[in-house]
Amino acid sequence: MADPVPRAICLGEAMIMLAPADEGAPLEDAETFRRSVGGAECNVAGGLAALGVPTGWISRLGADGFGRHVRQDLIARGVDVGGVEDDLERPTGLYVKHTLGGRTRMHYYRSGSAAAAMDAGFLDNPAVRNRLAGAELVHTTGITAAISASAAGLLDRLAALRETAGFTLSVDLNWRPALWKTKDPAPLWRLLRAADVVLLGADEAEAFAGTSDPDELRALLSPGATIVLKSDSHAAMALLPDGTRVEVPALTVDVVEPVGAGDAFAAGYLAGTLQGLPVDQRLRLGHLTAAVVLAVPEDHAVPPAVEIRQALLACPVDEWSATRVGPAGIQSPVLGGAA
């Protein structure tokens, strides 16, 4: 039986993440590292696939061992990688995640990577073009707009293709000030204003746009977009084009590591969108998938089983608010205890 055509496509870089096995030691003393796969768009791709959405990830990887590992990892997670292009000259990017004294820092080594060499012509690759033509939703982030001028040009063309291909364009702001230090953010503004769905945190909206006020953000972005505004660990609000606002409180979480939670939220919200869930349940699914990632040290995690998700998405507000997620699992009245 042929693999299902991807309903969702995620476009952006993937990197190898290395973390010292001894997290309490200074980086210069670390001799052994754990390896995993990271990168905003591939995290979302894996999250969507885990939630039952046929999903593809398209990008460029170095023709190296790290690139092969990224492919193997995503295939194992159910993601279609037929639109991925190998680069014989440029490497797969990587980053080091280091926690010391309770503070986590990222050290990125992505300059000159295969993903950074993506350009508008990349979309002419038949495998890429065919996947975009068949997709219902295409997701990317502000990180892709920042990694190179050529990648920003690719996103300009992607936004233009949206008009003819008919897919829904989803963009997560993912504001990274260090990537924009010497760059004009105009390409990122163009991308956000072309999007049908914009996901952003209140804190990053303040840093990037100078405001987290919903009305002011609406004025800055497309009037036809759905804006999903996340307020740290407190709540998430969807602002619909017709003026409707839906707000859902976040779950209580015993946080192990925050990295990757935003990508998990995006995967949950977008999966709910493609599955036709009501807006409040889309937000709940985003919170739930983010909470599960917050409770593990990795950038992604296996979502709760379907029956647990369904129970939590449909439960009364008081039972939702009484739910707690931690390394030991989910504690909720609707589940009769732990799951």
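I started with strand 13 and strand 14 (residues 245-249): they run antiparallel and are joined by five bridges. I'm working from a predicted model here, so no experimental coordinates.

Ala235 has Pro249 as its bridge partner in strand 14.

Next, the connection. Strand 13 and strand 14 make a hairpin with five residues between them. Gly243 sits in that turn and has a positive phi of about 95 degrees.

Then I went to the other neighbour. Strand 12 (residues 226-231) pairs with strand 13 in the antiparallel sense, over five bridges.

How much of strand 13 is buried? I found that five of the five residues in strand 13 (residues 235-239) are buried, so the strand is largely enclosed by the rest of the structure. I also checked which way they point. Ala235, Met237 and Leu239 go one way, Ala236 and Ala238 go the other, and all are buried. A reminder to myself: side chains in a regular strand alternate between the two faces of the sheet.

Strand 11 (residues 197-201) runs parallel to strand 12, and five bridges join them. Here Leu200 has Leu229 of strand 12 as its bridge partner.

What is the strand order? I wrote down 4-1-9-10-11-12-13-14, an open sheet of eight strands with mixed pairing. Strand 4 and strand 14 are the edge strands, each pairing on one side only. On average, neighbouring strands of this sheet are turned by 15 degrees against each other, direction ignored.

Are the faces of strand 4 covered or open? Both faces of strand 4 (residues 55-58) are covered. Thr55 and Trp57 are buried on one side, Gly56 and Ile58 on the other.

Last entry, a helix. Helix 6 (residues 186-194) lies across strand 9 (137-141), strand 10 (168-172) and strand 11. The helix runs at about 135 degrees to strand 10.

Methods: Residues are numbered from 1 along each chain as its sequence is written. This is a predicted model: local features need pLDDT of at least 70, side-chain atom pairs count only at pLDDT 80 or more; totals for chains, interfaces and linings use all residues. Side-chain values use heavy atoms; hydrogens and water are left out. Buried means under 20% relative accessible area, exposed over 50%, partly exposed in between (1.4 Å probe, protein chains only). Helices (H or I, at least four residues) and strands (E, at least two) are DSSP runs, numbered from the N terminus. Two strands pair if DSSP finds at least two bridges between them. Axes are lines fitted to C-alpha atoms, for helices over the stretch in contact, and angles run from 0 to 180 degrees between N-to-C directions. Contact means heavy atoms within 4.5 Å.
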